[in-house]
Amino acid sequence: MNKEAKTNYDIHPVLKQRWSPRAFAEKQVELEKIHRLFEAARWAPSNNNLQPWRFLIGFKGDETHNKIVSVLTEANAEWADKAPVLILVVGKKVNHKGDPNKLFSFDLAQATANMAFQATVDGINVRQITGLIPRKAFEVFAIHDLYGAVCTLAVGYPGDPDTLPNPLKKQEKAERTRNPIEDVVYTVKFGQKANIF
Ligand SMILES: Cc1cc2nc3c(=O)[nH]c(=O)nc-3n(C[C@H](O)[C@H](O)[C@H](O)COP(=O)(O)O)c2cc1C
């Protein structure tokens with residue numbers, strides 16, 4: 001299945017090729033690829049270099065994988081339980097002085113984006129999932145209250161879309177779409193198109 005982005009301008013192949021599957025192959029992900037995912041996250045930028053990200057990793061069939069599935073919304077658990085690797089992304093909500101770090105989830109997003117791109121380089125895929133029940137994640141993993149449970153990553157080799165229930169099957173096979181660039185790039189005042197494209 002070709003899910004490569006149809007771009008108007010030439011961008012790096014990794015940016016074109018990254019996409020978020022829901023169907024995953026049963027094949028386990030090699031540990032060296034998992035190591036590189038976390039190394040990629042580690043080198044993400046963050047405000048004041050606070051690096052607020054923490055991760056809980058589960059492999060299909062183990063206790064942590066089952067626990068992560070249990071904190072997802074029903075619609076996400078339905079497909080994510082088949083992902084060979086699930087990673088719960090948790091962020092520290094305070095800085096070194098104990099003051100609120102309002103940008104912690106922005107920083108986490110930088111780390112998860114790095115992971116998604118490194119995955120693409122390594123021929124695996126990541127789907128980010130914010131459809132989870134944070135209260136449940138706090139209970140199940142005994143997360144400290146200075147942290148926030150933000151997101152889960154489903155990681156693996158892409159699988160057969162026909163294994164998904166409808167309408168997910170149709171969505172998986174659909175072409176990836178984006179808003180036109182000219183609708184989102186402004187100049188002089190908000191909403192005034194830049195007319196550079
Ligand atoms: C912050 C964030 C939250 C997301 N949450 C979910 C989710 O809860 N369930 C889901 O199936 N996909 C989720 N996604 C995946 C998006 O739906 C997907 O990235 C988007 O449709 C674009 O598709 P692409 O990544 O293949 O380009 C999320 C993605 C991001 C970045």
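Q: Which element gives the most to the shell around the ligand?
A: E3 does, with three residues. Strands here are DSSP runs of E, at least two residues, and helices are runs of H or I, at least four, numbered from the N terminus. This is a predicted model: local features need pLDDT of at least 70, side-chain atom pairs count only at pLDDT 80 or more, and totals for chains, interfaces and linings use all residues. Residues are numbered from 1 along each chain as its sequence is written.

Q: Which residues surround the ligand?
A: Trp 19, Ser 20, Asn 76, Arg 127, Gln 128, Ile 129, Thr 130, Gly 131 and Arg 176. The test is a C-beta atom, placed from the backbone, within 6 Å of the molecule.

Q: And by class, what does the shell have?
A: Two nonpolar, five polar and two charged residues. Ala, Val, Leu, Ile, Met, Phe, Trp, Tyr, Cys and Pro count as nonpolar; Asp, Glu, Lys and Arg as charged; the others, Gly among them, as polar.

Q: Back to E3. How many of its residues are buried?
A: Four of the five, so strand E3 (residues 125–129) is mostly covered. Buried means 20 or more other C-beta atoms within 10 Å of the residue's own; exposed means 12 or fewer; partly exposed is in between, with C-beta atoms placed from the backbone.

Q: Which strand is joined to E3, and how many bridges are there?
A: Strand E4 (residues 147–156), by five bridges, and the two run antiparallel. Pairing takes at least two DSSP bridges. Ile 129, one of the residues around the ligand, stands opposite Thr 152 in E4.

Q: New topic: helix H3. Which of its residues are buried?
A: His 65, Ile 68 and Val 71, in a helix that spans residues 63–71. They cover an arc of only 125° around the axis, so they sit on the same side of H3. The arc is that of the directions from the helix axis to the C-beta atoms.

Q: Why would that spacing line up?
A: An α-helix has 3.6 residues a turn, so residues three or four places apart point the same way.

Q: What do the buried residues of H3 pack against?
A: Strand E1 (53–59), strand E2 (85–92), helix H6 (134–141) and E4. Contact means C-beta atoms, placed from the backbone, within 7 Å.

Q: Zooming out, how many helices and strands does the protein chain have?
A: Seven helices and four strands. Buried residues make up 28% of its 197 residues.

Key:
Contact = placed C-beta atoms within 7 Å.
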